[in-house]
Amino acid sequence: MEYAVWWVLLFGCYLALVSDHPPVELAVGAATAAGCAWLAVRTRRAEGLSYRPRARWLRWLPSMLGRVPADLWTLARLLARREVPEGLDQVPSPETGGEERRAAWRGLATLALSVSPGAYVTGVRTGRPDVLVVHRVGRG
């Protein structure tokens, strides 16, 4: 079951990213998703990883997605002027409980922060609290 969930998620991401769906590309995408799903399940089991996200963590999702158009506009302006200020920010985690919750927060926060075209997570420092190091374009 776990393998099937990974495959569906990965193949769905693939379908969202490609614009044309000829049978050969669908077969390659399905096979690649299958291999990656197998590796994800094996890695999670070998490392003993388990994630316990909380539904309330999704409250930031609308605001994160809402930032995408503004970030695209900022990037377009900066690239047109050929000046791109950038910097690193540190985002500390809230106290989320045990290691499973902390791992889930790191994964979801990394995904959320990297959705925006003007930012991506460059590193994670684990500890109390965990800290995500975020590279942001458009910040001085």
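**Figure 1. Cys36 counts as partly exposed, at 38% relative accessibility.** Buried stands for under 20% relative accessible area, exposed for over 50%, and partly exposed for what lies in between, with a 1.4 Å probe and protein chains only. The model shown here is predicted: local features need pLDDT of at least 70, side-chain atom pairs count only at pLDDT 80 or more, and totals for chains, interfaces and linings use all residues. Residues are numbered from 1 along each chain as its sequence is written, and side-chain values use heavy atoms, with hydrogens and water left out. Cys13 is also in view and is partly exposed, with a relative accessible area of 46%. How many disulfides does a search of the whole structure find? It finds 0, where a disulfide would be a pair of cysteine sulfur atoms within 2.5 Å. The closest cysteine sulfur to that of Cys36 belongs to Cys13, and at 11 Å it is too far for a bond.

**Figure 2. The protein chain has 4 helices and 3 strands.** Both kinds of element are DSSP runs numbered from the N terminus, with helices (H or I) of at least four residues and strands (E) of at least two. Their order from the N terminus is α-α-α-β-α-β-β. Along the principal axes, the C-alpha atoms fill a box of roughly 45 × 45 × 25 Å. The protein chain holds 140 residues, and 25% of them are buried. Of the contacts between residues at least 6 apart in sequence, 63% join residues at least 24 apart; a contact means heavy atoms within 4.5 Å.

**Figure 3. Trp7, Phe11 and Tyr14 form one aromatic cluster.** A pair of aromatic rings is described by the distance of the centres and the angle of the planes. Rings of Phe, Tyr and Trp (its six-membered ring) pair if their centres lie within 6.5 Å; planes under 30 degrees apart are called stacked, those over 60 edge-to-face, and the rest tilted. The whole structure contains 2 aromatic pairs by this search. In one of them, the ring centres of Trp7 and Phe11 are 4.9 Å apart and the planes meet at 15°, so this pair is stacked. Trp7 and Phe11 both belong to helix H1 and sit 4 residues apart, about one turn of the helix. Trp7 is partly exposed at 27% relative accessibility, while Phe11 is buried, with a relative accessible area of 14%. The rings of Phe11 and Tyr14 are stacked because their centres are 6.0 Å apart and their planes at 20°. Phe11 and Tyr14 are 3 residues apart in H1, which separates them by about one helical turn. Tyr14 is partly exposed, at 22% relative accessible area.

**Figure 4. Helix H2 covers residues 23-47, 25 residues in all.** From its first C-alpha to its last, H2 reaches 36 Å, close to the 36 Å expected at 1.5 Å a residue. That expected span is 1.5 Å times one less than the number of residues in the helix. Which residues of H2 are buried? They are Gly29, Ala33, Ala37, Ala40 and Val41. Helix H1 (2-17) is part of what covers the buried residues of H2.

**Figure 5. The largest nonpolar core has 11 residues.** Such a core is a set of buried Ala, Val, Leu, Ile, Met, Phe, Trp, Tyr and Cys residues joined through side-chain atoms within 4.5 Å. The members are Trp57, Met64, Ala104, Trp105, Ala109, Ala112, Leu113, Ala119, Val121, Leu132 and Val134. At least two residues of this core come from each of H4, strand E2 (119-125) and strand E3 (131-137). H4 gives the largest share, 5 residues.

**Figure 6. Arg102 lies in helix H4, residues 99-115.** Is Arg102 buried or exposed? With 11% relative accessibility, Arg102 counts as buried. Its side chain makes a polar contact of 2.6 Å with the side chain of Asp130. A polar contact is a pair of N or O atoms within 3.5 Å; within protein, one must be able to donate a hydrogen and the other to accept it, and residues adjacent in sequence count only if both atoms are side-chain atoms.

**Figure 7. Tyr120 is a residue of strand E2.** Tyr120 is partly exposed, at 44% relative accessibility. Leaving aside its neighbours within four places in sequence, Tyr120 is in contact with Leu113, Ser114, Val133, Val134 and His135. Asp20 is 100 residues from Tyr120 along the chain, and 28 Å separates their C-alpha atoms.
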